[in-house]
Amino acid sequence: MIIRGGTVVTDRGVEKADIAIAGDQIVAVGLNLAGDGEEIDATGLHVFPGGIDSHVHFNEPGRTEWEDIAHGSAALAAGGYTTFIDMPLNNLPVTTDVAAFDLKLEAMKRSSKIDFGLWGGLVPGNLNQLEPLVQRGVMGFKAFMCPSGIDEFPAANQRTLREGMKRIAALGSILLVHAEDPSRLLEPKGSSAMDFIRSRPHVAERAAIAQAIELADATGCRLHVVHVSTAWGLKLIREAQQKGLDVSGETCPHYLLYEEEDLQRLGGAAKCAPPFRTASDRRALWTAEMIVSDHSPSTLDLKSGDDFTKIWGGISGCQSTRQLLLAQDRLDLPEVAAVTATNIARRFGLEGKGDIATAFDADLWIVDLSGADIVRREDLLYRNAFSAHEGQRIRGRTIKTLVGGAEPGSGRFIRPQGPPRNQGAAYDFVG
Ligand SMILES: [Zn+2]
């Protein structure tokens with residue numbers, strides 16, 4: 001098959017080229033490629049490497065009334081994504097032992113329309129599960145430094161973190177942390193949006209990231225900080241990278257689009273932890289090396305009401321990540337490819353993914369960038385079709401998403417194939 005006449009976007013640049021595909025791989029990229037098979041005319045269109053969302057919560061098995069694999073993966077495909085890595089919560093049982101892993105893998109194989117990997121969990125009491133989970137093929141482990149909101153997935157105390165990181169380092173794997181220091185979190189003074197934000201101050205993130213980096217240094221463990229929300233957090237990660245530590249971080253579209261004042265207006269659908277921050281945080285975060293959705297949906301009733309102490313924390317958004325970024329015009333096209341695919345593939349050892357080049361998987365997003373639109377509820381494919389992003393400007397109409405050269409349909413299980421690599425300070429985008 002040949003995709004002909006498109007504008008190919010990679011992290012290296014933008015060029016007119018045909019893409020030849022045989023089986024599930026790209027076999028050539030260049031001008032005027034010869035071929036007598038099926039052709040897709042991409043004249044006037046752009047072709048990106050399929051997006052990789054390494055931070056989603058599809059909640060299956062166990063909480064499929066919030067989201068399920070079939071809906072979540074279809075939403076990703078509609079937004080140009082071809083691979084995701086699912087978090088070890090809020091599914092039930094949580095993915096902290098091999099029995100739970102096996103259940104989830106079966107559900108994924110049955111229902112995922114695109115390729116997928118699985119994160120395991122690090123919680124108090126499951127140290128003996130880390131090695132068997134690595135053998136099963138987890139991408140790495142996620143730990144919470146504060147309560148997760150899910151009783152079955154308790155916070156990792158200092159001892160668990162330290163011992164877990166020693167073992168994860170020995171296994172050559174990576175630890176992801178939700179970094180908020182519980183001793184810095186406050187009781188909300190009231191039920192308003194601003195009361196909620198003030199209960200989770202900047203300093204909680206800063207202190208937790210500093211602690212996690214210290215432990216990474218002491219144990220030699222690779223570390224990745226999920227959903228960084230503050231300029232300080234990003235700065236600590238950059239400084240650790242400059243010292244040679246294997247530390248990285250990600251942010252999410254909602255921290256790039258919204259500020260503290262926006263939460264009241266957007267309402268419960270936009271409650272998440274850590275919460276939205278200030279204008280200067282928002283500006284700084286546009287330089288992050290990875291942007292992922294942290295798609296963490298629930299039913300609408302859990303996101304409704306005026307009492308922000310009671311509303312579930314989590315934002316539905318995975319369908320719109322790339323289109324939201326493209327509409328903001330803060331990153332150029334190669335940067336969008338880098339932060340939504342290439343850098344993520346490299347960081348987590350997804351060999352053969354995240355680029356458009358010979359011998360890479362034919363994971364591609366063919367998109368018409370000429371039109372602008374907004375996020376509309378009726379276009380969302382989630383199990384619960386609503387989002388904090390409704391009404392936001394988007395750019396890019398999906399013409400086709402190809403997963404291994406084929407229409408989305410049956411995704412394959414991806415294990416880490418290479419050691420996690422750190423781009424580190426090599427990426428210094430000015431947003
Ligand atoms: Zn999350």
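These legends describe close-up views of one predicted model.

The model is predicted, so local features need pLDDT of at least 70 and side-chain atom pairs count only at pLDDT 80 or more, while totals for chains, interfaces and linings use all residues. Residues are numbered from 1 along each chain as its sequence is written, and side-chain values use heavy atoms, with hydrogens and water left out.

View 1. His 55 (NE2), His 57 (NE2) and Asp 294 (OD) coordinate the zinc ion at 2.0 to 2.2 Å. Donors are N, O and S atoms within 2.8 Å of the metal (3.2 Å for Na, K and Ca); water is not among the atoms, so sites may look incomplete. Along the sequence, the donor residues follow the spacing H-x1-H-x236-D. Distant parts of the chain are linked here: His 55 belongs to strand β6 (residues 51-56), and Asp 294 to the loop between α10 and α11 (321-328), 239 residues apart. Helices (H or I, at least four residues) and strands (E, at least two) are DSSP runs, numbered from the N terminus. Both His 55 and Asp 294 are buried. Buried means under 20% relative accessible area, exposed over 50%, and partly exposed in between (1.4 Å probe, protein chains only).

**View 2. The largest pocket.** The volume of the largest pocket is about 680 Å³. A pocket is an open set of points on a 1 Å grid over the protein atoms alone, where a 1.4 Å probe fits, with protein on both sides within 12 Å along at least five of seven lines; lining residues have an atom within 4 Å of a point. A volume is the space filled by probe spheres set on the points, which are joined across faces, edges and corners. The lining has 34 residues, and Ser 148, Gly 149, Arg 200, Ala 273 and Gly 313 lie nearest the centre. Two or more lining residues come from each of β10 (141-144) and α5 (193-199). By type, the lining holds 15 nonpolar, 13 polar and six charged residues. Here Ala, Val, Leu, Ile, Met, Phe, Trp, Tyr, Cys and Pro count as nonpolar, Asp, Glu, Lys and Arg as charged, and the others, Gly among them, as polar.

**View 3. The second largest pocket.** This pocket has a volume of about 320 Å³. It is lined by 19 residues, with Gln 323, Asp 373, Asp 379, Ile 394 and Gly 396 closest to its centre. Strand β14 (364-374) and strand β15 (393-402) each give two or more residues to the lining, and β14 gives the most, with six.

**View 4. Helix α7.** The 12 residues of α7 (residues 231-242) should span 16 Å at 1.5 Å a residue, and the end C-alpha atoms are 16 Å apart, which agrees. The expected span is 1.5 Å times one less than the number of residues. Among the buried residues of α7 are Leu 234, Leu 236 and Ile 237. The buried residues pack against α6 (202-219), β12 (222-225), β13 (247-249) and α10 (279-285). Just after α7, Gly 244 has a positive phi of about 95 degrees.

**View 5. Phe 144 in strand β10.** Phe 144 lies in β10 and counts as buried because its relative accessibility is 6%. Phe 144 touches Leu 89, Phe 153, Ala 155, Ala 156 and His 178, leaving aside residues up to four places away in sequence. Contact means heavy atoms within 4.5 Å.
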